[in-house]
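The exercises below are intended for a reader who meets this structure for the first time.

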Amino acid sequence: MYEKDGEKYFVVDGHVHFWDASPENQSNKYGRGFIDCFYDYHRNLSPEEWVWPIEKFEKYSEEDMIHDLFETGYVDKAVFQPTYLTDFYEEGFNTTERCAWMRDRHPDRFILNTSFDPREGENGLREFEQKVERHQPSGVKLYTAEWRGDSKGWKLSDPWSMRYLEKCEELGIRNVHVHKGPTIWPLNRDAFDVADVDDVATAFTELNFVVEHVGLPRLEDFCWIATQEKNVYGGLAVALPFIHSRPRYFAKIIGELLYWIGEDNILFGSDYGIWSPKWLVESLVDFDMPEDLVSEYGELTPDIKRKILGLNAAKLYDIEVPDDIPQPAEADDGTTDKPAVPQAMVTA
Amino acid sequence: MTHRSTTGTDAAWAAGPTPQAVWRALGTVRDPELDQPITELEFVLDVEVRDHEVDVALRLPTYFCAPNFAFLMVADARTAVEALAGVARANVRLVDHYASSEINEGMSADRGFGASFDGQAVGDDLEELRDTFTRKGFLARTHELCKDLLAAGLTPEDLAGMTLGELAPSPLAERFVERRRELGMPSDPTSPLLLDVWGVPVDPEQARDHLRRARTVHVSIEGNAGMCRGLLATRYAEGGTGDERARGAYDPLARPTTSSTAT
């Protein structure tokens with residue numbers, strides 16, 4: 001919970017990790033390179049006082065996480081988004097088991113998601129089912145650029161992926177978080193392309209698809225599909241930290257998102273430990289649309305901020321919101337006056 | 001070694017290229033995603049001219065930048081430098097990237113993308129990828145040009161009724177027309193100002209939507225370019241993860257002899 005200028009905000013951090021990228025756990029140069037890459041994101045977009053030493057960044061503690069999220073970071077609930085990377089890290093990077101350990105110690109604070117990899121076929125499908133039974137996760141986080149031997153990635157619309165998504169529906173898992181990365185099969189394709197999200201969002205209308213990082217670096221492609229599909233949401237992790245170093249750019253991103261996908265489909269996420277929620281929440285609440293951009297994008301009102309910071313995620317995850325938090329009505333959908341999307345640009 | 005460049009005079013050939021000429025040639029190579037020259041993005045780490053052979057080292061903002069775009073930039077850099085008079089061969093190397101060895105070995109053996117990433121690509125073709133981003137860049141350039149016209153009071157419908165010939169000369173207008181030529185779109189003064197990504201004139205009633213989409217693409221590309229510049233600066237700052245001096249004899253596979261401070 002965060003309160004400022006008489007406004008109260010319920011905070012759901014929709015994207016957190018509890019990873020182990022310590023040198024002991026790195027399998028190869030890719031494990032080193034991966035955490036170095038995250039560390040550059042961390043250092044590039046964090047305020048100076050929030051930059052951690054690399055040793056802490058590689059493997060932070062339970063105490064760090066509880067302190068940064070709940071004791072000082074205003075977070076009421078945080079959602080774990082596992083990322084396996086078992087080709088890079090001996091015990092995996094941020095597995096369901098690692099996150100479940102933390103969730104089980106703090107059951108009122110965390111929501112656990114799990115993951116699947118469609119390349120594991122029939123056996124993986126059974127293991128997925130067992131994992132769901134054992135840990136009772138609320139959703140899945142999928143990383144399509146995950147390496148597995150010779151394979152450098154997969155698409156949501158691959159036949160086996162469709163089988164796993166059917167299984168999600170069957171098991172009552174409704175929230176599917178999607179993170180695109182730099183590789184895919186075949187490598188000639190644009191790995192960041194989100195067209196496959198469009199395909200599965202149309203095929204599985206009971207599932208909610210949360211595109212992490214609002215599709216960055218393909219913000220425009222994400223906007224084209226999210227404006228057409230009511231069950232597609234955007235997670236703000238990576239986009240929000242621009243609020244500190246490049247506030248004008250953040251204003252444009254959030255303005256485009258409000259225009260195309262609307263205030264009811266945007267979710268706050270810190271991507272902890274890459275960034276910490278305290279400064280992100282404070283900055284978003286303090287943020288005003290620059291005067292010269294208001295005519296294009298409109299104002300960022302307290303009600304819009306309340307939806308982004310927690311109310312939208314609370315709906316997706318059935319989280320009870322305290323009575324003293326105002327609950328603004330859903331915005332008029334407004335999709336009818338949106339420009340038709342250039343089909344060729346979506347599928348190119 | 002084959003004599004690849006035959007465009008220059010004998011004298012130019014004999015002298016070999018100057019480093020300045022190599023940098024100028026590299027300045028014509030763009031990052032296909034960001035639509036900016038690799039020289040301005042500071043992706044060129046080093047240029048060395050040895051008579052008729054040129055060594056170029058390229059670097060990128062992250063270790064995991066997409067390998068397909070990386071391959072395009074390395075290949076384009078090689079083509080641009082080898083087109084210079086006096087250059088027999090350009091050895092373009094990508095450094096500090098997870099796929100450095102695949103790309104560099106593929107390049108020195110004259111292999112295409114597919115053969116360089118055996119089994120991970122379908123065919124050698126990256127042109128479809130390039131084309132998609134050239135067209136996205138076209139939309140972004142449409143926004144760059146038209147935002148000032150709209151700010152000056154013209155409506156989207158007005159713009160749909162205009163021709164290229166009615167534009168006041170400006171660097172932005174030049175960039176816009178240059179991209180139309182590159183895509184084989186009409187670019188003479190009588191051709192319509194607003195074209196969609198396939199070169200089809202935009203109807204006045206579609207003009208507002210067209211410009212709306214162009215704006216979004218511009219926000220996206222501009223933002224990505226800023227992100228990449230920031231990450232490159234962080235990565236290669238003193239003490240950054242790409243600063244090999246800071247690492248000393250850095251061996252990414254080495255295990256620490258003492259345990260990490262975090263537990």
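Predicted model: local features only at pLDDT ≥ 70, side-chain atom pairs only at ≥ 80, totals over all residues.

**Exercise 1.** Determine in which order the strands of the open sheet in chain A are arranged, and which strands lie at its edges.

*Solution.* Step 1: the open sheet consists of 8 strands, and their order in chain A is β3-β4-β5-β6-β7-β8-β9-β10. Step 2: the pairing in this sheet is parallel. Step 3: the edge strands are β3 (12-16) and β10 (266-267) of chain A, each of which pairs on one side only. Within β4(A), A:Ala78 stands opposite A:Asp13.

**Exercise 2.** Describe the surroundings of strand β8 (residues 208-211) of chain A, and state whether its faces are covered or uncovered.

*Solution.* Step 1: consider the neighbour β7 (residues 175-179) of chain A, which pairs with β8(A) in the parallel sense over 4 bridges. The bridge partner of A:Asn175 in β8(A) is A:Asn208. Step 2: turn to strand β9 (residues 232-235) of chain A, which runs parallel to β8(A) and is joined to it by 3 bridges. Here A:Phe209 has A:Val232 of β9(A) as its bridge partner. Step 3: examine the faces. A:Asn208 and A:Val210 are buried on one side, and A:Phe209 and A:Val211 are buried on the other. Both faces of β8(A) are therefore covered, given that a residue counts as buried when 20 or more other C-beta atoms lie within 10 Å of its own.

**Exercise 3.** Characterise helix α6 (residues 127-151) of chain B, and the side of chain B that touches chain A.

*Solution.* Step 1: α6(B) has 25 residues and spans 36 Å from its first C-alpha to its last, close to the 36 Å expected. Step 2: the helix has a kink of about 30°, centred on B:Leu145. Step 3: just after α6(B), B:Gly153 adopts a positive phi of about 110°. Step 4: between the chains, 43 residues of chain B contact 47 residues of chain A. Elements giving two or more residues to this side of chain B are α3 (67-82), α6 and α9 (207-235). The most comes from α9(B), with 14 residues. By type, the residues on this side of chain B are 21 nonpolar, 16 polar and 6 charged.

Terms used: Residues numbered from 1 in each chain as written. Chains lettered and ligands numbered in written order. Buried ≥ 20, exposed ≤ 12 C-beta atoms within 10 Å, placed from the backbone. Pairing = 2+ DSSP bridges. Expected span 1.5 Å × (residues − 1). Bend = angle between axes of the 7 residues up to and from the residue. Contact = placed C-beta atoms within 7 Å. Nonpolar A, V, L, I, M, F, W, Y, C, P; charged D, E, K, R; others polar.
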